[in-house]
Structure formats: C-alpha cells, structure tokens
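Trainee: Could you walk me through a few features of this structure?
Mentor: Gladly! Let us look at it together.

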Amino acid sequence: GGGGEEGEQGAGQKASKAADPSKKGSSASMQQQQQHAKGALPPVVTHAAQPTVRTSLDNSKAAASKTVVVDLKAAAESRGQLPDMPPSLLGQISNTLKAWSRRLSSKMHMLQVSDRFSEKPIMVGKRRLKRYRRDIIIMLLPLVIWFVLLLVIYIVSVESQKELRRPMVNNYLADRLHARTTRAIADAHELASLEDTEEISSFIELHESMAASLEHIYDALLYGHEENKRDMDFISLDGTLFDGKETEDLFFHPDPTCHVKYQPERYCYEPGHPYYQVTHNAIDAMMQRLFDELHALMATDPEEIAKDGVGGAQMEYIWNVGFYNLAGAQEDASEFYSHQLEKATVEVLNAMIALFAIMWVLLAAYYYFLFNPFKHHLQHELRQVSEMLSHMPADMAVEATVAKAVGLEDHLLNAGAKGGRPVGK
C-alpha cells in the first residue's frame, strides 16, 4: 500500500511539473543563483512565453478587426510598373526654358554681370574706384545708330517695293488686254470663215462669253476691280483712269495721230472716211465699237454668217479697224505702262542705292574717325600700364588685384579650380 502511495505521489509530482512550467523555471533560476554564489557562471535570466488560450469567439473578433495593408510600390515592382507618359510639347518647352534660365543665371552670377552694370564704386582695400563709362558710350552709340539706320533702310526698301505693285499690275493688264483683243479678232475671223451652220452654232455656243471677257479686262484696267469682273478676281486692282492727264488723253482725248503699225498708208483713214472719227477719238471709242460688233456677230443667224462670210458688216470693222488701228493703239498703251513701271523701278532702285551707300559711308567714318583713334589711344595706355607693371615686385599678386578691381575675382578663381593657372601666380 505504501509503495502504491509513493507511486501515486511521484506521478502527481511529474504531472504538476509538466502542468506548471513556471515552477520549473523558478527552480532552474534558484540553481543558477546557487552556482553563482559558489563562483560558477553568471546567472542568465530567461522569460518563458506565457501560453494564451483563445476561444472561438476571440478568434472571430480578431478576424473581424484585422487590417489589411497593401504596399503599392511593392505591388507595382512585382507586377511591373507602368511606363512614364512622355511630357507634352508645352511641357518640354517649359522645361527647356527653365534649364536655360538656370544656366544663364549661374553664368551671370559667376561673371558678376549685375555688379558690372551697377553705379556703385568698386572697393579695393581702402580705395574706391569710380566707374567710368564715357568711352564705352562713345564707342557703342554710333554702332547702335548704325544698326537703327540699317533697320530703317530695310523698312524703306520693303515699302518702296510695295509701291511697285501697282505699275506692275497695270503693265500686266495692258499686255493682257492687247493679247485678248487680238485673240477675239482671230476668233471672229474664224467664225466668219465657217460655211456649215451646225459648226457656226457650236462655235457661237463655245465662244459666247468672248466679248464679255474682253470687256471685263478693259474695265478692270480703267476702273479697277469690281464684283462683276469675274476674270479679274485673282488680283487686287485700283484702276488707272484717274492716275494722271496722260492716261485720260490716251483713252478718251481725241488724237489726230494714226496708231497703225503695219501698212499705215492703207489703214490710216482720211477725213470723210466712215472710220475716221472712231479711229481718231482715242482707245475707248474703238473698244466700245468693237464690243458692239462682237455682240452683234455672235447674235447673227448662223445661215447669214455662212452666207456673208468675212465680208459681213461686223467683220469689216473688226478686221480693218480692230486688227490695225485698235491693236496699234493698245500697243502704244502697253508701252506707256511699261515706261511707268520702269520709271518707278529706277526711282526705288536709286533710293535703295543711296541709302546703302550712306550706310557704308557712316560705317567707314566710324572706323577712321572714332574707332581707329581710340585703338591708338588704347595701345598707348596699354604700353603705359605695361611699363608700370614692370616696376612692381615679382611676388606681388598683380592679376588677383586687377581681377578684384574689375569684379572678376570669382571667375578667375573658378577658372583656376578647373585646371587653369592659379590667380596671382
């Protein structure tokens, strides 16, 4: 019975030791203290983790209150970052301007540009050096005036060339009027030469606007551009009728001169001839009569045209007056407008040559009367400074003193730091 009780006590002690780990830890710590007292190793204190018993309710609460934290950077690195979008054109321009501004400000700070334009005296030790810009102003002011004069010459040249537009357009229109008139006369002669009525009808339908187109060009030359001048919409016109008395006389004033260029003895009519009055009352009378005859020819019955041929009443005026007298008068008008264009071109060219010559004369005067004497004076001062520096001690930092006087000390120090010769050496 006693053995059984001792066995039960031993089993109970083992169970208590297994169930209560804190007692085991305390006994171990007591043994370590005893060893430390006997001179053994220093004690080591350990704290055993206390077991925590969780119920199913505690686990559900912990799961409900759990916070999920997502690292976006790590997620992006694991999945691959999105490519950066390129900046817009406005952003690129803005970045470039900012970079240039930073570089310019750094350069200006390094060269001390703000100090150079300051009116404050330069302090060198106990001395005050006053700024003297009279020579700079004297040298730069003529150059500024010269550049301004160059700009004025350019503006005057451009404006003068704009004035050539009108005579060029007038000359072009006069030549075009002459060409269209001869073309209309040739078409009328071809129409009168046809014998088939069907061919005459188709020809009239094809050239029904011949007279109207010629009239548009003539009105554009005299009166300028209008909305109904459909053939002249491509150019801006001012008209030449009221430019001067010469233009009025050329188109409206009676003129006893015969304008025939070919066979004048035959087609220059004497007084009493049916065509004498119309051929001696300037260009406008012959042109208006030509328009009437062309309209009448295009309105004539095709059978009558085939019957009369080139001997009809309309063709008699178109050929005898239009091809010889009117064409000769238009040739004289073209020559008149060509002389006007040539005169205007020569005037503009002479003005430009004069301004160009004046510009170079002023530049030569600046060099010989201002820059050259200043250069000799500067060489003389340079020689004096060299002679003065030759008498200074060899161990004196002349370059550093001069750099400090002119405000370039930091610039020279930076140059020495980059591998150049040190200042004052």
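Mentor: Keep in mind that this is a predicted model. We can begin with Ala282, which sits in helix α14 (residues 282-299).

Trainee: Is Ala282 buried or exposed?
Mentor: The cut-off for buried is under 20% relative accessible area. Ala282 has a relative accessibility of 6%, so Ala282 counts as buried.

Trainee: What is the phi of Ala282?
Mentor: Most residues other than glycine have a negative phi. Ala282 is not a glycine, yet its phi is positive, near 70 degrees.

Trainee: Where is Gln263, which also has a positive phi without being a glycine?
Mentor: Gln263 has a phi of about 55 degrees. It is partly exposed, with a relative accessible area of 25%. Its place is in the loop between α11 (245-251) and α12 (264-267).

Trainee: What accessible area do the residues of the nonpolar surface patch have together?
Mentor: The patch is formed by Ile137, Leu141, Val144, Ile145, Val148, Val152 and Val156. One of them, Leu141, lies in helix α7 (residues 134-163) and is partly exposed at 48% relative accessibility. Together the patch residues have an accessible area of about 590 Å².

Trainee: Are α8 and α9 roughly parallel or roughly antiparallel to each other?
Mentor: Helix α8 (residues 165-193) packs with helix α9 (residues 197-206), their axes 9 Å apart and at an angle of about 160 degrees. Angles over 145 degrees count as roughly antiparallel. Therefore α8 and α9 are roughly antiparallel.

Key:
Residues are numbered from 1 along each chain as its sequence is written. This is a predicted model: local features need pLDDT of at least 70, side-chain atom pairs count only at pLDDT 80 or more; totals for chains, interfaces and linings use all residues. Side-chain values use heavy atoms; hydrogens and water are left out. Helices (H or I, at least four residues) and strands (E, at least two) are DSSP runs, numbered from the N terminus. Buried means under 20% relative accessible area, exposed over 50%, partly exposed in between (1.4 Å probe, protein chains only). Patches are made of residues with over 30% relative accessible area and no salt bridge: like charges are joined within 9 Å, nonpolar side chains (Val, Leu, Ile, Met, Phe, Trp, Tyr) within 5 Å. Accessible areas come from the Shrake-Rupley method with a 1.4 Å probe; for residues, only the protein chains shown count as cover. A salt bridge is a side-chain nitrogen of Lys or Arg within 4 Å of a carboxyl oxygen of Asp or Glu. Axes are lines fitted to C-alpha atoms, for helices over the stretch in contact, and angles run from 0 to 180 degrees between N-to-C directions. Angles under 35 degrees count as roughly parallel, over 145 as roughly antiparallel, 65 to 115 as roughly perpendicular and the rest as oblique.
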